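Good morning, and thank you for coming. I shall present one structure today, going from its overall layout to some local details.

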Amino acid sequence: MSTPAVFTVEDLRHWKGSAPLQLAVLGDPVAHSASPPMHMAALEACGLLHTYGRIHIRPEELPEAMRLLKESAFIGVNLTIPHKTAVLPFLNAVDPHARIMGAVNTVLFKEGRLTGFNTDGKGLTRAIAEDFGVDLGALRVLILGAGGGAGRAVALQCALEGCPKITLVNRTREKAAALAEEIASLPGLPQPPPIVTALGADSVTLSAHLEATDIILQCSSVGMKDGDPSPLPLRFLRREHLVYDTIYSRPTQLLADARTVGARSSNGLSMLLHQGALAFEIWFQRAAPVEAMRTALRLFRASAA
Ligand code: NAP
């Protein structure tokens with residue numbers, strides 16, 4: 001299966017109703033996105049003769065890109081960094097869940113209207129159910145990297161799922177504290193609301209919070225690079241912890257340490273898979289061919305390693 005090249009806003013200007021794509025991921029950068037092989041596998045498995053590609057859109061190009069895509073009979077797009085919040089003003093409607101998350105990763109183009117959705121959080125819920133056989137909302141969670149975009153989406157999803165205890169850990173504590181305040185003011189939180197604590201990564205109370213944690217959700221970018229340490233010292237890990245590292249591009253020290261202590265662990269490939277499957281369901285109103293998508297993701301990861 002061939003993966004289309006990376007297109008630009010200049011390409012969009014020339015398509016005028018004869019676009020070579022009907023679906024795409026928009027980002028900056030976008031060249032290494034795993035979404036095209038995953039969605040091309042899904043389309044092929046369902047016999048849908050559409051093409052999903054990558055479009056490199058810089059922040060200042062987003063308004064024009066959304067207008068041109070609307071004119072190009074697109075079915076939908078995914079948005080990645082840095083467009084998930086910036087796209088909101090260009091949509092005709094935003095699904096209530098995406099409105100609460102304050103970010104959109106999936107857009108449906110239908111009858112001249114653009115509707116935004118967020119499948120990242122729900123993708124995580126499905127991933128945790130699949131990988132560990134548990135309901136995320138029943139777990140006491142500790143989130144590492146609660147100051148970044150992924151940490152924010154994961155924390156909001158945990159709150160909406162009804163997690164009883166949410167510990168937000170971040171190198172820059174102020175960002176975790178701001179997120180804790182945001183969670184406290186979320187509309188429609190399940191009752192009773194979660195007990196939310198914000199900690200710096202070097203907090204002396206980290207150990208005590210980990211004793212009262214069921215699942216560690218690693219959302220920082222520590223582990224992305226060769227030789228990166230684990231963001232959590234090995235001594236804090238327990239056999240009883242579930243450990244989920246949202247990084248999927250490479251094996252991480254945290255997951256190696258989890259195996260060392262005998263804890264169950266998993267990487268972010270399942271979250272990527274399920275956010276994609278949910279996007280496919282929004283575009284085509286049918287169940288996504290999850291196994292075909294999973295196989296394509298594994299092949300893509302192996303070829304990129
Ligand atoms: P981001 O917005 O740049 O946030 C980076 C986070 O990592 C911040 O919390 C930052 O802390 C922390 N951090 C960075 N360097 C650190 C260091 N040396 N020590 C301690 N903390 C450090 O990035 P993002 O978009 O949230 O992405 C973060 C990770 O999520 C990436 O690894 C990505 O692979 C993963 N992700 C996975 C999926 C999936 O579908 N599986 C989806 C999205 C993202 P400060 O606030 O202190 O700077």
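The chain is divided into domain 1 (6-118 + 270-304) and domain 2 (122-267), with bounds that come from an automatic or database domain assignment. The centres of domain 1 and domain 2, taken over C-alpha atoms, are separated by 27 Å. Domain 1 gives 14 residues to the contact and domain 2 gives 21 residues, where contact means heavy atoms within 4.5 Å.

A word on conventions. This is a predicted model, in which local features need pLDDT of at least 70 and side-chain atom pairs count only at pLDDT 80 or more, while totals for chains, interfaces and linings use all residues. Residues are numbered from 1 along each chain as its sequence is written, and side-chain values use heavy atoms, with hydrogens and water left out.

I turn to the ligand. Of the 21 residues around the ligand, A150, N170, R171, T172 and K175 come nearest; a residue is near if one of its heavy atoms lies within 4 Å of the molecule or strand in question. The shell divides into 9 nonpolar, 10 polar and 2 charged residues. In that count, Ala, Val, Leu, Ile, Met, Phe, Trp, Tyr, Cys and Pro are nonpolar, Asp, Glu, Lys and Arg are charged, and the others, Gly among them, are polar.

A polar side-chain atom of R171 lies 2.8 Å from an oxygen atom of the ligand, and an N or O atom in the side chain of K175 is 2.8 Å from a ligand oxygen atom. For G149, a backbone N or O atom lies 3.0 Å from an oxygen atom of the ligand. Taken alone, the ligand exposes 920 Å², of which the protein buries 72%; accessible areas come from the Shrake-Rupley method with a 1.4 Å probe, and for residues only the protein chains shown count as cover. The elements giving two or more residues to the shell are α6 (149-161) and α10 (269-284). Helices (H or I, at least four residues) and strands (E, at least two) are DSSP runs, numbered from the N terminus.

Next, helix α2. In α2 (residues 35-45), 9 of the 11 residues are buried, so this helix is largely enclosed by the rest of the structure. Buried means under 20% relative accessible area, exposed over 50%, and partly exposed in between (1.4 Å probe, protein chains only). The cover over the buried residues of α2 includes β2 (23-27), β3 (52-56), β4 (76-79), α10 and α11 (290-304). Just after α2, G47 takes a positive phi of about 70°.

Finally, some backbone details. Most residues other than glycine have a negative phi, and most peptide bonds are trans. A73, although not a glycine, has a positive phi of about 55°; A73 sits in the loop between α3 (62-71) and β4 and counts as exposed at 61% relative accessibility. Q285, also not a glycine, has a positive phi of about 50° and is found in the loop between α10 and α11. The peptide bond from I81 to P82 is cis, with omega near 5°, and the bond from Q191 to P192 is cis, with omega near -5°.

Definitions and conventions
Polar contact = N/O pair within 3.5 Å; in protein donor to acceptor, adjacent residues only side chain to side chain.
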